[in-house]
Amino acid sequence: MIPILIALSVSSNSPTIQKPDMSWWREARFGLFIHWGLYAIPAGKWGDKTHYGEWIMDSANIPIPTYETFVSQFNPVNFNADEWVSIAKNAGMRYIVITTKHHDGFALFDSKHSDYDVMATPFKRDIMLEIADASRRQGLVPCWYHSIMDWHHPDYLPRRAWETRSAEGADFDRYVSYLKGQVEELLTNYGEVGVMWFDGEWENTWLPKYGADLLQHCRKLSPKTIVNNRVSQVRVGMEDAIGNSALQQVVGDFGTPEQHIPATGLPGQDWETCMTIGDHWGYNAYETNWKSSTILIRNLIDIVSKGGNYLLNVGPRQDGTFPPECIERLRDIGMWMKVNSEAIYGTNASPFESLPWGRCTAKSQGNESTLFLHVFDWPQDGRLVVPGLANDVATARILGGASTRVQRVESNLIIELPHSPLHEAATVIELVIDGEPIVYGTPKIASPGTDFVTSIPVSIAASSEKLDIRFTLDGTYPTAASAQYKGPISIHADCTLKVAAFEGDKRVSDIAEKRFKNVQPWPAIREQLDLRQGLSLRIYTGNWNQLPDFESLTPMVTTTTSHISYKDEAPEEFVGRVYEGYLRLEQSALVEFALTSDDGSRLWIDGRLVVDNDGLHSIVTKVGRVPVERGLHKIRVEWFNKTGAAVLELTMSIDGQPHKQVPASSLLQ
Ligand code: FHN
């Protein structure tokens with residue numbers, strides 16, 4: 001059994017309040033991220049170390065009174081919002097996300113809820129107001145970053161491990177009210193805001209219920225404002241996307257991969273990669289590892305070719321100016337965008353699975369489509385091969401250059417190119433084609449594994465809906481006479497599925513194949529047992545970093561329960577639970593169990609470990625698949641929570657059907 005981690009994306013918002021219109025954001029594709037605050041004053045240096053950024057207060061264990069001395073030093077006399085916005089606009093950026101408050105708790109805006117804000121500094125100007133006005137003057141959309149985590153506010157918990165400040169009297173719910181109060185100021189005092197970009201949501205105190213409430217708070221205050229997924233605790237680690245939990249949690253409007261570009265994007269959802277130009281988000285005066293303009297341009301293209309947005313960060317200096325290295329790179333990007341922005345704005349993901357020489361972005365309008373071929377590696381022989389494109393080409397031209405000739409060689413297009421590229425980062429060729437792109441890609445086979453007990457559902461996706469998929473189950477190569485795929489099929493016997501794409505009688509793709517195997521189910525318990533509904537539940541207390549050997553411990557409470565679930569309740573800390581009994585299955589099947597927990601958990605069926613989700617972690621879902629016979633099977637779930645959020649949820653999927661909570665009627669003892 002190899003438990004795998006899957007993203008069980010779930011509905012993300014209450015049905016009562018609609019999601020905002022994201023068309024402007026999808027059209028924009030490119031934004032400026034700004035990390036600015038008191039941390040720009042030490043500029044990365046503390047003591048003899050110079051590697052810090054915006055985390056300097058925590059990373060260098062700077063006590064609050066010491067850090068607060070930066071307030072009287074914050075006086076960015078060279079700050080000019082119009083200049084910042086103009087640099088962003090000339091780079092081709094369409095929106096600006098700026099830190100209104102980072103984890104250090106200092107607000108760059110005039111807040112009536114706090115004196116720890118820019119009005120307490122010699123500067124005494126509301127930076128959000130100036131950024132909002134300048135953005136609108138120049139046609140960009142102002143957006144706010146706001147940290148849920150707050151190292152300064154006395155009611156925020158947990159305290160930093162190194163802090164001496166007592167947590168005595170801290171009231172987290174009072175902090176949540178403060179947080180919501182400042183969010184209300186940000187959404188009502190500065191005109192229409194494009195995005196609320198939350199962050200710092202990963203600590204155990206930020207329970208799913210707070211995320212749900214904060215999302216609804218934003219929806220009510222500003223229904224048009226887009227909210228990212230970090231409003232709630234759903235990221236896998238510090239990187240990923242829209243929800244990973246079976247807990248029906250809020251997940252916001254878009255995923256936020258950070259400092260990396262997902263290999264195949266995040267299909268089926270909106271997402272934005274945020275990235276630094278150097279190594280730091282906040283200004284570091286010792287930064288040397290600046291990405292080249294070519295890498296930044298190619299990152300933009302790569303992200304957009306996978307259907308995402310690029311949020312590129314600048315950490316301004318304490319005087320209010322951008323580092324010259326950032327200005328230079330943003331100017332280079334702007335020069336590329338001046339020639340090629342139509343290949344970025346409003347485009348969608350590439351119809352090709354991959355291209356050896358670069359990327360593709362696409363637009364469809366009416367009965368035409370435009371493919372933008374971003375050539376990174378210029379062909380030495382002047383012939384660019386576009387593999388497996390069925391459409392005829394109406395026109396072909398180089399953006400910023402001349403028209404060019406295209407000829408077809410079977411399923412490939414050959415585009416004649418000049419000796420040298422127009423831009424060393426990427427030269428773009430625009431192809432106007434009839435209709436939707438028809439790419440001869442290898443069909444993709446999807447199924448809940450390959451083992452089954454009675455049957456297994458299989459679906460096949462073509463690279464273009466204009467192509468036929470033909471398949472065989474006997475291991476032979478599909479031909480034009482083979483069965484045509486019309487929709488999900490159910491496999492009932494050992495077989496080798498082979499599929500290919502056809503255009504009429506002609507095979508136009510490689511073969512994809514998958515072997516399916518009928519496996520013997522784990523036998524049900526034969527003996528007649530006198531059982532009643534419910535599981536036994538033993539509750540323990542202890543301070544663990546992983547699941548203990550519960551058999552060696554004495555439970556604090558022994559009781560029964562009707563379900564294997566624990567969420568959104570007042571978190572029990574330093575607690576362990578053991579659920580034990582029988583699971584009654586109504587049919588023999590391949591069952592996928594999804595075990596979601598914060599902190600660690602494990603699932604056994606018939607005494608065999610099926611899911612191992614142990615360890616100290618935030619909300620994570622892991623799965624395991626087992627073939628089981630209809631009838632009774634032993635079930636045991638162990639779980640522990642150290643501190644903060646406490647979550648446990650077990651769901652199961654029968655033969656690839658959607659996951660559901662294990663019904664109480666199936667749990668016996
Ligand atoms: O801890 C922050 C970090 O300082 C920075 O703001 C990034 C930007 O997305 N977000 C958090 C790390 O994921």
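Ala, Val, Leu, Ile, Met, Phe, Trp, Tyr, Cys and Pro count here as nonpolar, Asp, Glu, Lys and Arg as charged, and the others, Gly among them, as polar. With these classes, the lining of the largest cavity has seven nonpolar, seven polar and one charged residues.

The structure is a predicted model, in which local features need pLDDT of at least 70 and side-chain atom pairs count only at pLDDT 80 or more, while totals for chains, interfaces and linings use all residues. Residues are numbered from 1 along each chain as its sequence is written, and side-chain values use heavy atoms, with hydrogens and water left out.

The pLDDT is the predictor's confidence in each residue, from 0 to 100. Its average over the protein is 92, and 94% of the residues score at least 70. Residues 1–15 stay under 50, and the model has 50 contacts for them beyond four places in sequence (a contact means heavy atoms within 4.5 Å). Residues 243–248 are also below 50, with 30 contacts beyond near neighbours in sequence.

Next comes the empty space. Rolling a probe the size of a water molecule over the atoms shows where empty space is left. On a 1 Å grid over the protein atoms alone, a cavity is a set of points where a 1.4 Å probe fits but cannot get out, and a pocket is an open set with protein on both sides within 12 Å along at least five of seven lines; lining residues have an atom within 4 Å of a point. Grid points are joined across faces, edges and corners, and a volume is the space filled by probe spheres set on the points.

There is one cavity of 30 Å³ or more. The largest cavity has a volume of about 80 Å³. Of its 15 lining residues, H280, E287, W290, G315 and C326 lie nearest the centre.

The largest pocket holds about 1500 Å³ of space. It is lined by 50 residues, and S350, P351, F352, E353 and S463 are the closest to its centre. Two or more lining residues come from strand 8 (358–365) and from strand 22 (506–507). Strands are DSSP runs (E, at least two residues), numbered from the N terminus. Strand 8 gives the most to this lining, with six residues. By class, the pocket lining has 17 nonpolar, 18 polar and 15 charged residues.

Two strands pair if DSSP finds at least two bridges between them. Strand 8 and strand 9 (residues 368–375) are antiparallel and are paired over eight bridges. Within this pair, C360 stands opposite L373. The two strands form a hairpin with two residues between them, where G366 takes a positive phi near 65°.

Further along is an open sheet of three strands in the order 10-13-12, with antiparallel pairing. Strand 10 (383–386) and strand 12 (406–409) each have a single partner strand, so one side of each is left without a neighbour in the sheet. Strand 12 pairs with strand 13 (residues 412–416) over four bridges, and V409 stands opposite N412.

Another open sheet has three strands in the order 15-17-20, again paired antiparallel. Its edges are strand 15 (444–446) and strand 20 (489–491), each with a single partner strand. Three bridges join strand 17 (residues 456–461) to strand 20, and the bridge partner of P457 is S490.
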